[in-house]
Number of protein chains: 2
Amino acid sequence: MRGIVNEDLVDLTSETAADLELVAATPSSALGSTRDKPDRKYCLEIFRVLQAHGIDCFFYIGGNDSADTVRIISEAAGTAGYPLRCIHIPKTIDNDLTVNDHTPGFPSAARFVVQAFMGINLDNYSLPGVYIGVVMGRNAGFLTAAAALAKKFPDDGPHAIYMPERVFDMDGFLADVKGSMDRYGRCVAAVSEGITDRQNVPIAEGLSKQLEKDAHGNIQLGGGALADYLTRVVKDRLGYKRVRGDTFGYVQRSFAGCVSDVDQREAREAGHKAVQYAMSGDHSGSVTIHRTGSYAVDYKLSPLEDIAAKTRKMPDDFIAGSGTHVTEAFHRYLEPLLGTALPQVHRLRSPAVPKLLKPE
Amino acid sequence: MRGIVNEDLVDLTSETAADLELVAATPSSALGSTRDKPDRKYCLEIFRVLQAHGIDCFFYIGGNDSADTVRIISEAAGTAGYPLRCIHIPKTIDNDLTVNDHTPGFPSAARFVVQAFMGINLDNYSLPGVYIGVVMGRNAGFLTAAAALAKKFPDDGPHAIYMPERVFDMDGFLADVKGSMDRYGRCVAAVSEGITDRQNVPIAEGLSKQLEKDAHGNIQLGGGALADYLTRVVKDRLGYKRVRGDTFGYVQRSFAGCVSDVDQREAREAGHKAVQYAMSGDHSGSVTIHRTGSYAVDYKLSPLEDIAAKTRKMPDDFIAGSGTHVTEAFHRYLEPLLGTALPQVHRLRSPAVPKLLKPE
């Protein structure tokens, strides 16, 4: 969008199929990204450039902020009498778009989180202690909840999952950690960066002295402060020696080579549908993904205002009654999205040798 | 080793080939791990248990601390007159064992770092700013240096790499960041957790208020403090708006599904050789890996004291004259270790559309 305003346009018709296939398998956004939020003046600049180049169709890929941008531009075009078809194409690892069953980008990021917690769980099994992994997801817990699918054996982690859909209570958290340590001698917890207290204030907010806000008013929750804080509290109040915490950070959203093939196929298909809607239809909208079978999806063109600036959270039937784990329904929801050939991890099954010196 | 002292032994002869194959493809240590360091009393406990079970061969997998443990036990066995063959099998993502060309575990962790920086670079290309990724490696920069192999196009990150083999100078670091921002409008830096100042004090040491030391006297460098500190200094002193930092943490050393097939093969082979040396030879030692071709390796049984408690650092010819990048020799060293089917990332090659409103 900033490219349009700056008249930095590229001619995609000169791309070859070979190069496009390589780019299709590449993470991140090949056309760049922006945090700009358009106002009326910005929109008029856009129309001036589009008009000069004879462009009557605007595709924009992103989450609910991007859908809102498309809505604003679409409305401004109507007001200004500029004939513009505006299509929003969903993409967000947060999986927090209304109307959609899920959004492109989420399944691959979820796969990363699953594979990461598979390894973390083994690491923690091998050298027991407390481990806290902080996962992205400002308002919705889908990506953090994905950690649950790393669990294979009954005593496997994650032993507790903290999502922004439930109030984060420090005493409850410490009791969960202690409960897991008492029971298994170890504890792996998955924590959303967006967990909030009873007053709905993000825990991370009080930690960052210098809060940075982007143009959409979203607080920057990055940095290792939340994980470091939680590990410190666990050490100080529970007295365990080995307590470790990581913030998954930017690695989880663009890691090359950890891709759900289902996600990859649907991301292409969503783009394909967007072009079909633009060519054959007569109105603007957002391409939405709907689950029609187990597992099958179909696409619709939904009104922009149904998606724009709205946040979908984890539905209640995905969250266990305890508030710190997921349900079977969530497992059934996520499993087909992760794609094929998920790594398998396993344990030795060797029987214990009877003790000769210290018979039990 | 703690399992021996506690007489917690398992009978591996009851494993099936099928299960062992699954475990072979599983990250982390299936038999558990420990930070215990044996003294004379500990060793005598070990011999008492081994003797009771008729065990005359001790295999121990790990890095230079583990090699030192094997050396101590081997020497104590000699002194105590206990006939024990002790074989150390190399494994450390730090790649810091002397005598060895490289160590099992490192190539897969390096592959993770490469794939992570491939994605980070694309993320940073799409939404420009400064990104700082902190990578494991307390004394040796091999794993951090691996980030260099994520670079494809001339303007790709990482634009600078900070290894513990070179003094970390804050002013130099800030000049590097500014230089990259001036030249490319963006900057990706890979920083080892073990970078030290002119007095050889780790930068991370001054940051952690509560320093924790394990039994080997190693300072715990975990946590997000170093990345958070460096991003804050870049923001404060250079004034850039978008500055992000991540600590790769435990995810990088046990991630399920990011494995170098070369590493996997050699890890098995090192174990195979250890058994051969134990069955056919008559002395203790450490299995060492030697490069015999491009690319081929062979194994030797080297004296334990040549590896135990010694640290191999990045050789000078792997580090660029600037001290903040790697050489072609390092590329040639690491490339064959990363294994086959490394992900490929690519860019659009679309030509710019001539400007109509603001002709250049």
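Visitor: What makes Asp316(B) and Arg166(B) a salt bridge?

Guide: In this predicted model, the closest N and O atoms of Asp316(B) and Arg166(B) are 3.2 Å apart. The cut-off is 4 Å between a side-chain nitrogen of Lys or Arg and a carboxyl oxygen of Asp or Glu, so the pair counts as a salt bridge.

Visitor: Why can this pair be said to tie together parts of chain B?

Guide: Asp316(B) is in the loop between β8 (296–302) and α11 (328–334), and Arg166(B) is in the loop between β4 (160–162) and α7 (170–184). These parts are 150 residues apart in sequence, so the pair ties them together.

Visitor: Why is Asp316(B) called exposed?

Guide: Asp316(B) has 56% relative accessibility. Exposed means over 50%, so the word applies to Asp316(B). Arg166(B), at 28%, counts as partly exposed, because that class runs between under 20% and over 50%.

Visitor: How do you know that Asp68(A) and Lys37(A) form a salt bridge?

Guide: Their closest N and O atoms are 3.1 Å apart, and the limit is 4 Å. Asp68(A) is in helix α4 (residues 64–80) and Lys37(A) in the loop between α2 and α3 (40–52) of chain A, 31 residues apart.

Visitor: Is each of these two residues buried or partly exposed, and why?

Guide: Asp68(A) has a relative accessible area of 8%. Buried means under 20%, so Asp68(A) is buried. Lys37(A), with 34%, is partly exposed.

Visitor: What joins Lys37(A), Asp68(A), Arg71(A) and Glu75(A)?

Guide: Salt bridges that share partners join these four residues, Lys37(A), Asp68(A), Arg71(A) and Glu75(A), into one network.

Visitor: What makes the pair of Glu21(A) and Arg268(A) a link between distant parts of the chain?

Guide: The closest N and O atoms of the two are 2.9 Å apart, in a salt bridge. Glu21(A) is in helix α2 and Arg268(A) in helix α10 (residues 261–280) of chain A, 247 residues apart. Glu21(A) is partly exposed at 42%, and Arg268(A) is partly exposed at 46%.

Visitor: What makes Arg253(B) and Asp123(A) a salt bridge?

Guide: Their side chains meet at 2.6 Å, N to O. The cut-off is 4 Å, so the pair qualifies. Among the elements of chain B that each supply at least two residues of the side touching chain A are α5 (106–126) and α9 (251–254). The largest share of that side, nine residues, comes from α5(B).

Visitor: What area do chain B and chain A bury between them?

Guide: About 7000 Å², 53% of it on carbon and sulfur atoms. In the contact, 84 residues of chain B meet 84 residues of chain A.

Visitor: Why can Leu12(A) belong to a nonpolar patch on the surface?

Guide: Leu12(A) has 41% relative accessibility. A patch residue needs over 30%, so Leu12(A) passes that cut-off. The patch is formed by Val10(A), Leu12(A) and Leu31(A), with about 270 Å² of accessible area together.

Key. Residues numbered from 1 in each chain as written. Chains lettered and ligands numbered in written order. Predicted model: local features only at pLDDT ≥ 70, side-chain atom pairs only at ≥ 80, totals over all residues. Heavy atoms only, no water. Patch = residues over 30% accessible without salt bridge, like charges linked within 9 Å, V, L, I, M, F, W, Y side chains within 5 Å. Areas by Shrake-Rupley, 256 points an atom, 1.4 Å probe, with all protein chains shown as cover. Buried < 20%, exposed > 50% of the residue type's maximum accessible area, 1.4 Å probe, protein only. Contact = heavy atoms within 4.5 Å. Buried area = accessible area lost by both parts, 1.4 Å probe. Helix = DSSP H or I, 4+ residues; strand = E, 2+ residues; numbered from the N terminus.
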